[in-house]
Amino acid sequence: MFLLKTIYVQTNMPRVNIIRYDKENYAIFGDTRELKSSLMQCHCWYNRTLKNPSSGKVMPGWVVTLALVQRVISALEGQGVKVYLNGK
């Protein structure tokens, strides 16, 4: 479980939300178009009809397994992406 204290800052860098999707996976939502190759290299898969657990809306996003989520976070932060974690 992640505890998060969010501070919103206006920047031009992409921002993504990583949300616990179910007991085995996390979902990645946000500005991911230019991050496609990095997400694919981290073994994430794209799904255009994910249900966002926070809002209940269907939206496009990426899925990553629990075992690989820290690798994805490190890769994204290494590219200057602002990552927000919302644990369940």
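1. Tyr46 is partly exposed, with a relative accessible area of 46%. This value, like the others in this note, comes from a predicted model. The figure lies between the cut-offs of 20% and 50%, and therefore Tyr46 counts neither as buried nor as exposed.

2. Trp62, in contrast, is buried, as its relative accessible area is 5%. Because buried means under 20%, Trp62 falls within that class.

3. How many aromatic pairs does the count give? The count comes to one aromatic pair. Tyr46 and Trp62 form this pair, with 5.3 Å from centre to centre and 65 degrees between the planes. Planes over 60 degrees apart count as edge-to-face, which is why the pair of Tyr46 and Trp62 is given that description.

4. As to the overall arrangement, the chain contains two helices and five strands. Along the sequence, these elements follow the pattern β-β-α-β-β-α-β.

5. Of the 88 residues of the chain, 34% count as buried. The chain exposes about 5900 Å², and carbon and sulfur atoms supply 51% of this area.

6. The contacts between residues at least 6 apart in sequence also deserve a remark. Among these contacts in the chain, 56% join residues at least 24 apart.

Key:
Residues are numbered from 1 along each chain as its sequence is written. This is a predicted model: local features need pLDDT of at least 70, side-chain atom pairs count only at pLDDT 80 or more; totals for chains, interfaces and linings use all residues. Side-chain values use heavy atoms; hydrogens and water are left out. Helices (H or I, at least four residues) and strands (E, at least two) are DSSP runs, numbered from the N terminus. Buried means under 20% relative accessible area, exposed over 50%, partly exposed in between (1.4 Å probe, protein chains only). Contact means heavy atoms within 4.5 Å. Accessible areas come from the Shrake-Rupley method with a 1.4 Å probe; for residues, only the protein chains shown count as cover. Rings of Phe, Tyr and Trp (its six-membered ring) pair if their centres lie within 6.5 Å; planes under 30 degrees apart count as stacked, over 60 as edge-to-face and the rest as tilted.
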